[in-house]
Amino acid sequence: MQNNSTAIRWVLAGGVLFSLVFFHEKLALNLVLFDLFILAALFLQYAEARQNAAVRWFALGHLTSLAMLVLHNTVLSVFACVITLALTVAYGLYLHRSPWYAGASGIANIFVSPYLFFRDLFTNQKREKKKRKWTKLIRFAILPVFLLVFFFGIYSIGNSALNQFTEKLINEISWALERFIETFSWGRFLLLLLGLMVSSALLLKRHSRHLSEKDLAHDDDLQRKRITWAERSHNPFYNLVATFMGKLATGMMALKNENTTGLISLLSLNALLLVVNILDLNNIWLNYDPSKEQAMSQLVHEGTYVLIFSIVMAMMVVLFFFKGNLNFYNRNKWLKYGAYCWIIQNTFLVASVFMRDLYYIQRHGLAYKRLGVLFFLLMVLIGLISVALKVKNRKTNYYLLRVNATAAIIVLVMASTVHWDELIAGYNLSRKDKLDLDVPFLLTLSDKTIPLLEKNIAFLQQLEDKAPPKVERDFYDAGSCNACFVEQLKYKEKQFLKKQSAYSWLSWNYADNYVKRYLTYLSTSH
């Protein structure tokens, strides 16, 4: 359906709701209320959204991340909520198959929606007709209202009871106006404008179908097609191949020559990677020496990212050789075998990088970057599998990008189901006797870790007692020192309770409520 006065009413209601539930609050139950409103408005306005299977799946992912937001209240769960809501709306408003194009539609809506909102607000024809009806009604009501006010004043003067009632009514109205003026703030007004922009971006539909048409024009399966010399000469991939192959890239034997070049390249790369994997097998899998601390630190901090980059480039190599009609060359069997071997070897390289990260976690504990490496390796592994499927089933690059984007969203939603700060603190503190514990890092984690730190406060005190006597009083605003771990923890608890006292029920979430109840129990038990 096209945007009409009903859609504008939904946007206005969304803007008002946005300003009411988010003003001086943190994202928690209020985001649930706003998102459920947006989903209800989407499904009530656009019938096609209710019938779209992709919309239902993305809505399920969004509801999952919303539940995790109320349960864990992490930055990751907020990010998952925003991404899944934007994609749910984009798939509901427009026809899409790829999350990339759906995301582009959502971004386009952000820029176009202010124009759509104000255009439909002031120039909608139906609204103009209703405005003329209201104008006619007001003209009919002018005389009756005047007479009503006139005789009400006369009766009030002659009747003391009615006069008292009138004074009380005027006082109540005056009090209500004063309260409204007192509570009004520019911050709330700006939040209302932001809410209108967010609601219009999520609920108003552009007339342009350009991105949808571009998306639906793509196919998952490669089609063999004859390429003219003019088209080939303007192809950047061909120009790159021609730079190295010269005349061998032209003529009737071009495909055969490309196949031969690809086969030689993959054989050479497989031989090189085999040497790397044999060295990793010996040094990391079979003969790992935990005493070589400096070597392991260098492997993780410097080698891991280089290896991840090399694996991504390895996938690009396969895509380069299987980019077009070479997929249909009837003598490309050995080229495919070389690609499969290359993918398998890179999969082993992923496992080796995983082992490096695992050894480092066992020695130094969990941290954000170490967990990030694990998630990145998971996405790389999914990418390698999808590249193998592309080669085997002759799929397009569009298919590859679509599948990997969908997998990334699934991983994001699954990752939001875990409170990673609590996991990091719990794992590191449970192995405090074996790890080189980084207490300042633990104190920077989210407030959900406060109970875990409190349960280990005796250990923190021991570390504090062993710390050097030199202190620096500029680490915290409270005047704490770098090594005063207990003092820093108490300050963290004080700040948490101070922030919580300023919130209403709209900011309620299980994680904060759990910490608040624990601190209340702690204060009453001492």
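Predicted model: local features only at pLDDT ≥ 70, side-chain atom pairs only at ≥ 80, totals over all residues.
## Helices α21 and α22

Helix α21 covers residues 457-466 and helix α22 residues 485-501; they pack at about 135°, and their axes are 8 Å apart. Helices here are DSSP runs (H or I, at least four residues), numbered from the N terminus. Axes are lines fitted to C-alpha atoms, for helices over the stretch in contact, with angles running from 0 to 180 degrees between N-to-C directions.

On the α21 side, Ile457, Leu460, Gln461, Leu463 and Glu464 meet Phe485, Val486, Glu487, Leu489 and Lys490 of α22, where contact means heavy atoms within 4.5 Å. By class, that gives six nonpolar, one polar and three charged residues. Nonpolar covers Ala, Val, Leu, Ile, Met, Phe, Trp, Tyr, Cys and Pro; charged covers Asp, Glu, Lys and Arg; the others, Gly among them, are polar.

Local features need pLDDT of at least 70, side-chain atom pairs count only at pLDDT 80 or more, totals for chains, interfaces and linings use all residues, and side-chain values use heavy atoms, leaving out hydrogens and water.

The mean pLDDT (the predictor's confidence in each residue, from 0 to 100) is 84, and 83% of residues reach 70 or more. Confidence is highest in helix α5 (residues 75-93), at a mean of 97, and lowest in helix α11 (residues 229-233), at 53.

## Helix α2 and its two partners

Take α2 (residues 29-45) with α4 (residues 53-71): their axes come within 10 Å and cross at roughly 165°. That makes the pair roughly antiparallel. Residues of α2 including Leu29, Leu36 and Phe43 meet residues of α4, among them Val55, Leu66 and Val70. The contact counts eleven nonpolar, one polar and one charged residues.

Helix α9 (residues 186-203) also comes within 10 Å of α2, axis to axis, with a crossing of roughly 35°. Phe34, Ile38, Ala41, Leu42 and Gln45 of α2 make the contact with Val198, Ser199, Leu202 and Leu203 of α9. Here the tally is seven nonpolar, two polar and no charged residues.

## Helix α15

Helix α15 (residues 333-364) has 32 residues and spans 47 Å from first C-alpha to last, close to the 46 Å expected; that expected span is 1.5 Å times one less than the number of residues. Next comes glycine 365, with a positive phi near 90°.

Conventions:
Residues numbered from 1 in each chain as written. Helix = DSSP H or I, 4+ residues; strand = E, 2+ residues; numbered from the N terminus. Parallel < 35°, antiparallel > 145°, perpendicular 65-115°, else oblique.
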